[in-house]
Amino acid sequence: WYELCDTAFVEKKLRRLPLAQQTDKSNTRNPMGSRSGNGKRYIQKIAAKAFTYNGEGGNPVTVFLSDFPILSSDIRQRLAKTCEWESVFGFLNNSRRNNYDENGDCKNQGTADPDVMYNQGPGPFSRFYFYMPSGEEVSFCAHAAIGASVVVEQKNQMNATTVDNSNFSATMILSQFYAGDSDTLVQTTVRKQCDGTDAEAELILMDEHATLYESDCLGEESIHDLLQDVALSSADCCESSSSSSSSALNLNLPHGINSSVARNKTLVAVDSVQRLHEASNPPDADRFRRLCDNIDSTGLYLYSKLPGRPDTYECRQFPRASGYPEDPATGIAAAALAASLRSRKLCGTSLDFFQGTSMGRRSRIGIRFENLNHHNNCDKTGSDEEECDDDLSKEILYCSGSVTILSEEEIEI
């Protein structure tokens, strides 16, 4: 087990433990269900779906949960490759929870371990690592973060505002986690109805510290090649002079650019929902990856506005190289699109993005904007848009979705 872990981290902790604790080899189960002793170590493996719609659809994610110390990157990569979709490794500071009382309030803060990381609110921090099924580690994955947040807070309710510890009937749980090895803290809110329905999680993807990035126009040839790979053409885009008359109203749509609040996604506005759903998976995965690499993109994000539904879009994402051809729900892509629309004054403060419909896995991603000073009184339908302050540097972007937990098992590593 020592060899599986981050060696420097283990050595540091062993130096700080009393000798009796260093040599304790008893077989004990910790709050997350992991067991150690007899040369074996167990972690929890939870299957979930994020961004579900009416209990269906959603983007699968596998959540691996363990206490500190942190598994080595080699072990994380090996486990990630056993998953069909993205996975997230949650390492929780359970060993430090004795610093918190039953209400989640910090005890003896003046004399507590100086290495303990205290939240702005009660409770210890978690650390999430995100992986593709190819074994590639990525800096962030929204649907995996949302799924993991619900799973973690179902098991650890130290940050609950109102909570019944017996059956996870929390009305609202506030927490934060570190993304990977970075110092980036991501704030999440988990809500669950007391009637046992699916939980909903919301996380901040853009604030004064994380802003929207947009590239210049990528060029007709690059977009043409990408569209050709998914059986579309420039004539299917809203920016095309040969498309429907509605295109004249959409000339300012974000199109043919890379947009990012976390990782670059190439935005392409398709003229109709029908043509959007007629796109097909790239026939040559290696060629598609090279096309994305040429423009520094992690995926092609097609979108079309749903008629008669304000600020509601149908979308499809074809990832650069994720181990699967199409993604049923992509939170960071929807967030990037929403931020690009918002920066052009083309939407209100609340948007819905549907994805996965063509795959038979219709999913919903919710995006909302809120003024940093919490005094944005704009109409969320967008009807009073001219009265809004559309400076994105003064707004927070929230991404939300429902989560269904499918199964849980304990595995030996």
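Visitor: How many of the six residues of strand 6 are buried?
Guide: This is a predicted model, in which local features need pLDDT of at least 70, side-chain atom pairs count only at pLDDT 80 or more, and totals for chains, interfaces and linings use all residues. Residues are numbered from 1 along each chain as its sequence is written, and side-chain values use heavy atoms, with hydrogens and water left out. Strands are DSSP runs (E, at least two residues), numbered from the N terminus, and buried means under 20% relative accessible area with a 1.4 Å probe, protein chains only. Strand 6, residues 126–131, is largely enclosed by the rest of the structure, because the number of its residues that are buried is six of the six.

Visitor: Which residue in strand 7 stands opposite Phe-130?
Guide: Strand 6 pairs with strand 7 (residues 137–138) in the antiparallel sense over two bridges, and pairing requires that DSSP finds at least two bridges between the strands. Phe-130 points the same way from strand 6 as Ser-126 and Phe-128, and the residue opposite Phe-130 is Val-138.

Visitor: Which residue in the turn of the hairpin has a positive phi?
Guide: Strand 6 and strand 7 form this hairpin, with five residues between them. The positive phi, of about 95 degrees, belongs to Gly-135.

Visitor: What is the relative accessible area of Arg-316?
Guide: Arg-316 lies in strand 16, residues 312–319. A polar atom of the Arg-316 side chain lies 2.8 Å from the backbone oxygen of Ala-279. Arg-316 is buried, and its relative accessible area is 4%.

Methods. Buried < 20%, exposed > 50% of the residue type's maximum accessible area, 1.4 Å probe, protein only. Helix = DSSP H or I, 4+ residues; strand = E, 2+ residues; numbered from the N terminus. Polar contact = N/O pair within 3.5 Å; in protein donor to acceptor, adjacent residues only side chain to side chain.
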